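This report describes helix packing, nonpolar cores and selected residue contacts. The sequence and structure are shown first.

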Amino acid sequence: MPVRVLLVDDEPLVRAGLRAVLEAQPDMEVVGEAADGAAVIPLVRQTRPDVVAMDVRMPLLDGIEATRALLRTVADPPKILVVTTFENDEYVYEAPRAGADGFLLKRARPAEIVHAVRLIAEGESLLFPASVRQLAAEYGDGGGNRAARAALERARLTEREGEVLRLMARGLSNAEIAARLVVGTETVKSHVSAVLAKLGARDRTQAVITAYESGFVAPG
């Protein structure tokens, strides 16, 4: 089955460029387009995409609020790939906090666009730990986020789960964490799943952001 993609951007040329790149792939299909985040929910219900590639800045409803509304309203929502002009943008930091699965720069090469959509469709996160660290240092509040601290306190992570979260924040994969802790990868997967569940995080990126904003991990 092809990866079904919905394009949401207020610039027709951007949508046309993304459509041309994605539809050149035999395993991808653009199932719809919208010029604003306000149109996302009805279009998602109508077209049932696997991935929504969504501009972060739009006139009526921006990509952040559209992401929150989509995840709050739609059962079994698609993956969300936020498309942005600037990498070090507060909107980029807000995207994973809102539940987006990653971000893509508008100047990305065609191969990078295709790779990003495939990765997101497969359930991976596309906001690399170095980016999260940099964005958290710039836009986070240095461990002063009450909600993040409360989430961490409620989670009552075990000592091993805390170790796993710290290693996740450093960007280690499950295999690398397993090697560092001298355990099996299945054991690490179980710990990661437990950390996400306890923190109420949608993915690893959200868990790492909570770790930074609570002060559990320093972003420097």
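Lys-198 is found in helix H10, where helices (H or I, at least four residues) and strands (E, at least two) are DSSP runs numbered from the N terminus. The model is a predicted one, in which local features need pLDDT of at least 70 and side-chain atom pairs count only at pLDDT 80 or more, while totals for chains, interfaces and linings use all residues. Residues are numbered from 1 along each chain as its sequence is written, and side-chain values use heavy atoms, with hydrogens and water left out.

With a relative accessible area of 34%, Lys-198 is partly exposed; buried means under 20% relative accessible area, exposed over 50%, and partly exposed in between (1.4 Å probe, protein chains only). Not counting residues up to four places away in sequence, Lys-198 touches Ala-155, Arg-156, Leu-157, Thr-158 and Glu-161, contact being defined as heavy atoms within 4.5 Å. Lys-198 and Ala-155 are 43 residues apart in sequence, yet their C-alpha atoms are 4.7 Å apart in space.

Helix H8 (residues 159-169) packs against helix H9 (residues 174-181) at an angle of about 130 degrees, with the axes 10 Å apart. That angle makes H8 oblique to H9. Axes are lines fitted to C-alpha atoms, for helices over the stretch in contact, and angles run from 0 to 180 degrees between N-to-C directions. Angles under 35 degrees count as roughly parallel, over 145 as roughly antiparallel, 65 to 115 as roughly perpendicular and the rest as oblique. H8 contributes Arg-160, Glu-163, Val-164, Leu-167 and Met-168 to the contact, and H9 contributes Ile-177, Arg-180 and Leu-181. These residues comprise 5 nonpolar, no polar and 3 charged. In this classification Ala, Val, Leu, Ile, Met, Phe, Trp, Tyr, Cys and Pro count as nonpolar, Asp, Glu, Lys and Arg as charged, and the others, Gly among them, as polar.

The axes of H9 and helix H10 (residues 185-199) cross at roughly 110 degrees and come within 8 Å. H9 is therefore roughly perpendicular to H10. Asn-174, Ala-175, Ile-177 and Ala-178 of H9 meet Thr-185, Val-188, Lys-189 and Val-192 of H10, a set of 5 nonpolar, 2 polar and 1 charged residues.

## Packing of H8 and H11

H8 also packs with helix H11 (residues 204-213), their axes coming within 9 Å and crossing at roughly 100 degrees. The two helices, H8 and H11, are therefore roughly perpendicular to each other. On the H8 side the contact is made by Leu-165, Met-168 and Ala-169, and on the H11 side by Arg-204, Ala-207, Val-208, Ala-211 and Tyr-212. The contact of H8 with H11 divides into 7 nonpolar, no polar and 1 charged residues.

## Nonpolar cores

The largest nonpolar core has 24 residues, of which Val-8, Val-40, Val-44, Val-52, Met-54, Leu-70 and Val-82 touch the most other members. A nonpolar core is a set of buried Ala, Val, Leu, Ile, Met, Phe, Trp, Tyr and Cys residues joined through side-chain atoms within 4.5 Å. Elements giving two or more residues to this core include strand S1 (3-8), helix H2 (40-47) and strand S3 (51-55). A second, separate core of 22 residues includes Ala-155, Ala-169, Leu-196 and Val-208.

## Ala-121

Ala-121 lies in helix H5 (residues 110-121) and is partly exposed at 29% relative accessibility. Leaving aside neighbours within four places in sequence, Ala-121 is in contact with Val-3 and Val-51.
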